[in-house]
Amino acid sequence: MNEQEGHPVILFDGVCNLCEGSVRFIIQRDPGAVFRFAALQSKAGTRLLQAYHSDAAMPDSVVVIESGKVYTHSTAALRICRHLSGLWPLLYGFMIVPRVLRDGVYRWVARNRYRWFGKKEACLMPTPDIQARFLE
């Protein structure tokens with residue numbers, strides 16, 4: 001859709017400390033500014049999920065919208081790795097692992113993320129230098 005401007009969009013849990021840390025991690029390793037971001041709880045996140053007719057707004061999954069397709073769970077995480085600088089794209093090789101196993105590990109971490117990393121009352125507020133990468 002127009003908001004993406006041809007960029008993959010990452011939808012994340014805006015109140016999850018692990019998710020916020022992951023967004024910051026991605027931004028630091030995305031020197032070409034490939035990705036755009038929106039919290040699942042935001043108007044932009046809801047609008048994109050509806051536009052792609054996705055029921056992927058489950059609270060335990062990062063969502064990637066890339067080339068008109070919606071990816072969730074471990075597949076979304078590995079697709080993100082493909083675009084990062086350094087050795088991170090090598091992790092995409094884990095796509096050969098059966099999805100049921102990859103998603104099992106992903107769901108285990110997702111179920112425990114608030115207990116292990118905490119939760120905030122409000123969504124991430126991007127700093128002015130990265131604000132343009134966040135959809136409204």
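Some ground rules. Residues are numbered from 1 along each chain as its sequence is written, and side-chain values use heavy atoms, with hydrogens and water left out. Because the model is predicted, local features need pLDDT of at least 70 and side-chain atom pairs count only at pLDDT 80 or more, while totals for chains, interfaces and linings use all residues.

Let's start inside. The largest nonpolar core has 20 residues. By nonpolar core I mean a set of buried Ala, Val, Leu, Ile, Met, Phe, Trp, Tyr and Cys residues joined through side-chain atoms within 4.5 Å. Buried means under 20% relative accessible area, exposed means over 50%, and partly exposed is in between (1.4 Å probe, protein chains only). Which members touch the most others? They are Ile10, Phe12, Ile26, Phe35, Phe37, Ile80 and Phe134.

Strand E1 (9-12), helix H1 (17-28), strand E2 (36-39), helix H3 (73-83) and helix H4 (99-117) each give at least two residues. H1 supplies the largest share, 4 residues. Helices (H or I, at least four residues) and strands (E, at least two) are DSSP runs, numbered from the N terminus.

Take isoleucine 80. Beyond its neighbours within four places in sequence, isoleucine 80 contacts Ile10, Ile26, Phe35, Val62 and Val64. Contact here means heavy atoms within 4.5 Å. There is also a second, separate core of 11 residues, with Val9, Leu40, Ala44 and Ile65 among them.

Now the salt bridges. Side chains of opposite charge can pair when their charged atoms come close. How many salt bridges does the structure hold? It holds 5. The cut-off: a side-chain nitrogen of Lys or Arg within 4 Å of a carboxyl oxygen of Asp or Glu.

First on my list, arginine 113 with aspartate 13. Their closest N and O atoms are 2.7 Å apart. Arginine 113 sits in helix H4 and aspartate 13 in the loop between E1 and H1, so this pair ties together parts that are 100 residues apart in sequence. Arginine 113 counts as buried because its relative accessibility is 6%. Aspartate 13 is buried too, at 4% relative accessible area.

Next, glutamate 66 with arginine 79. This salt bridge spans 2.9 Å, N to O.

Then arginine 99 with aspartate 103, at 3.1 Å, N to O. Both lie in helix H4, 4 residues apart, about one turn of the helix. Arginine 99 is partly exposed, at 46% relative accessibility. Aspartate 103 is buried, at 6%.

A word on methionine 95. It lies in the loop between H3 and H4. Methionine 95 is partly exposed, at 26% relative accessibility. Leaving out residues up to four places away, methionine 95 touches Thr75, Leu78 and Arg102. Methionine 95 and arginine 79 are 16 residues apart in sequence and 9.2 Å apart in space, C-alpha to C-alpha.

Last, the surface. Trp108, Trp116 and Phe117 form a nonpolar patch with about 340 Å² of accessible area together. Patches take residues with over 30% relative accessible area and no salt bridge, joining like charges within 9 Å and nonpolar side chains (Val, Leu, Ile, Met, Phe, Trp, Tyr) within 5 Å. Areas come from the Shrake-Rupley method with a 1.4 Å probe; for residues, only the protein chains shown count as cover. Phenylalanine 117 is in helix H4 and is partly exposed, at 41% relative accessibility.
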